[in-house]
Amino acid sequence: MGKIIDNYIEEAPQLLSAIQNAVRTQDAVALSFVAHKLRSASVNLGATSITELCKELELIGRTGTTLGAQDKLSQLQAIYEPVIVALEKERQICL
């Protein structure tokens, strides 16, 4: 489990940044793709709050727009750090 957490902690910031970029550039295809990737990684770790927001972002992107994505992105950014902290604590238990 520790290796999975390590991979997530390494990959998630890049995915979050890519979601931010997709919203900023109004790239619905990229939004859907990257949100799906982060959602898949998050579900494997039980990060349900991130999983649900990424699902919503993915669905927004699939409609061919980014309308409404900024609000979901703000929510995702607000919960991201506490989830990472919790995962880091879990990783320490796994060591």
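1. Q26 sits in the loop between α1 and α2; helices here are DSSP runs of H or I with at least four residues, and strands are E runs of at least two, numbered from the N terminus. Q26 is not a glycine, yet its phi is positive, about 60 degrees. At 63% relative accessibility, Q26 counts as exposed (buried is under 20% relative accessible area, exposed over 50%, and partly exposed in between, with a 1.4 Å probe and protein chains only).

2. A word on the source: this is a predicted model, in which local features need pLDDT of at least 70 and side-chain atom pairs count only at pLDDT 80 or more, while totals for chains, interfaces and linings use all residues. Residues are numbered from 1 along each chain as its sequence is written, and side-chain values use heavy atoms, with hydrogens and water left out.

3. Now to the loop between α3 and α4, where you will find T66. Is T66 buried or exposed? With 12% relative accessibility, T66 is buried. Setting aside residues up to four places away in sequence, T66 touches A22, V23, Q26, D27, A28, L31 and I60, where contact means heavy atoms within 4.5 Å.

4. Helix α2 covers residues 28-45, and its end C-alpha atoms lie 26 Å apart, in agreement with the 26 Å that its 18 residues should span; the expected span is 1.5 Å times one less than the number of residues. Buried in α2 are A28, L31, S32, V34, A35, L38, S42 and L45. Among the elements covering these buried residues are α1 (2-24), α3 and α4.

5. How do α2 and α3 meet? Their axes come within 8 Å and cross at roughly 155 degrees; axes are lines fitted to C-alpha atoms, for helices over the stretch in contact, and angles between N-to-C directions run from 0 to 180 degrees. That makes α2 roughly antiparallel to α3 (under 35 degrees is roughly parallel, over 145 roughly antiparallel, 65 to 115 roughly perpendicular, and the rest oblique). The contact residues divide into nine nonpolar, five polar and four charged. Ala, Val, Leu, Ile, Met, Phe, Trp, Tyr, Cys and Pro count as nonpolar, Asp, Glu, Lys and Arg as charged, and the others, Gly among them, as polar.

6. Next comes the pair α3 (residues 48-62) and α4 (residues 69-94), whose axes come within 9 Å and cross at roughly 160 degrees. The two helices are therefore roughly antiparallel. From α3 the contact uses S49, I50, L53, C54, E56, L57 and I60, and from α4 it uses A69, K72, L73, Q75, L76, I79, Y80 and V83. Eleven of these contact residues are nonpolar, two polar and two charged.

7. L53 has a relative accessible area of 8% and is buried. Beyond its neighbours within four places in sequence, L53 contacts K72, Q75, L76 and I79.

8. Finally, α1 and α4 pack at about 165 degrees, with axes 10 Å apart. That makes α1 roughly antiparallel to α4. Residues of the contact include I5, I9 and L16 of α1 and L73, L76 and L87 of α4. By class, the contact has 15 nonpolar, four polar and four charged residues.
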